[in-house]
Amino acid sequence: MKKRILIVDDDTSLRNELMELLKQADYDAVAAADGSEAIDRYSEPLDLLLLDINMPGRDRWAAFEHITWMNPCVATILMSKLGDQFPMASGVGAGALLEKPLDPEKLLCVVEELLAEPRVNHRLRRQN
């Protein structure tokens, strides 16, 4: 069964590029334009959350909290255009932080690595 990945980013072209990249890599990729849409449309089980933390509004963190509550073992990759976001990403228990513009090869490597980890690792990361 294909691994399901939710992409949450307000940049339509990036969302579409990421969906295509992940689908070509044989993942079941779905997307949302913001945190509210992610909460409304994707509460079913996910294997990985790819979330832009620099979207306008607070709904990105609401989506992070809701999705990780509904899917406590979901792997999480945070994306940011801003540098020096590692302490924050680490503090919320993200599996990885990738800076934009994204390197497609690096993204696929990180996705593969996180999905290969035991699911309980992702939950433990957020509880520490």
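1. Start with the pairing of β1 and β2. Strand β1 (residues 4-8) and strand β2 (residues 28-32) run in the parallel sense and share five bridges. Pairing here takes at least two DSSP bridges between two strands, while strands are DSSP E runs of at least two residues and helices are H or I runs of at least four, both numbered from the N terminus. Within this pair, I5 sits opposite A29 of β2. To get from β1 to β2 the chain passes through helix α1 (residues 12-24), and this β-α-β crossover is right-handed; that label applies if the path from the first strand over the helix to the second runs clockwise, with the strands pointing away from the viewer.

2. Before going on, a word on provenance. This is a predicted model, where local features need pLDDT of at least 70 and side-chain atom pairs count only at pLDDT 80 or more, though totals for chains, interfaces and linings use all residues. Numbering starts from 1 along each chain as its sequence is written, and side-chain values use heavy atoms, with hydrogens and water left out.

3. Back to β1, now on its other neighbour. β1 and strand β3 (residues 48-52) also pair in the parallel sense, over four bridges. I7 stands opposite L50 of β3, and the bridge partner of I5 in β3 is L48.

4. How many residues of β1 are buried? Five of the five are, so the strand is largely enclosed by the rest of the structure. (Buried is under 20% relative accessible area, exposed is over 50%, and partly exposed lies in between, using a 1.4 Å probe and protein chains only.) R4, L6 and V8 point one way from β1, with I5 and I7 pointing the other way.

5. Now the whole sheet. Five strands make an open sheet with parallel pairing, in the order β2-β1-β3-β4-β5. β2 and β5 are the edge strands, each pairing on one side only. From one strand to the next the twist averages 20°; the axes behind such angles are lines fitted to C-alpha atoms (for helices, over the stretch in contact), and angles between N-to-C directions run from 0 to 180 degrees.

6. Two helices to look at against that sheet. α1 lies across β1, β2, β3 and β4 (75-80), and runs at about 170° to β2. α3 packs on the sheet too, touching β1, β3 and β4, and its direction makes about 170° with that of β3. A contact here is heavy atoms within 4.5 Å.

7. Which residues form the aromatic pair? The structure holds one such pair, and it is W61 with F64, edge-to-face, at 5.8 Å centre to centre and 75° between the planes. (Rings of Phe, Tyr and Trp, the last by its six-membered ring, pair if their centres lie within 6.5 Å; planes under 30 degrees apart are stacked, over 60 edge-to-face and the rest tilted.) Both residues lie in helix α3 (residues 59-70), three residues apart, or about one turn of the helix. W61 is partly exposed at 24% relative accessible area, whereas F64 counts as buried at 6%.

8. Two backbone spots to check. K100 and P101 are joined by a cis peptide bond, with omega about 0°, and P101 is in the loop between β5 (96-99) and α5 (104-116). D26 has a phi near 75°, a positive value in a residue other than glycine. D26 belongs to the loop between α1 and β2 and is partly exposed, at 47% relative accessible area.

9. Chain-level numbers to finish. The protein chain has six helices and five strands, running β-α-β-α-β-α-β-α-β-α-α from the N terminus. Of its 128 residues, 46% count as buried. Among contacts with a separation of 6 or more, 64% come from residues 24 or more positions apart. The chain exposes about 6,900 Å², 51% of it supplied by carbon and sulfur atoms; areas use the Shrake-Rupley method with a 1.4 Å probe, and for residues only the protein chains shown count as cover.
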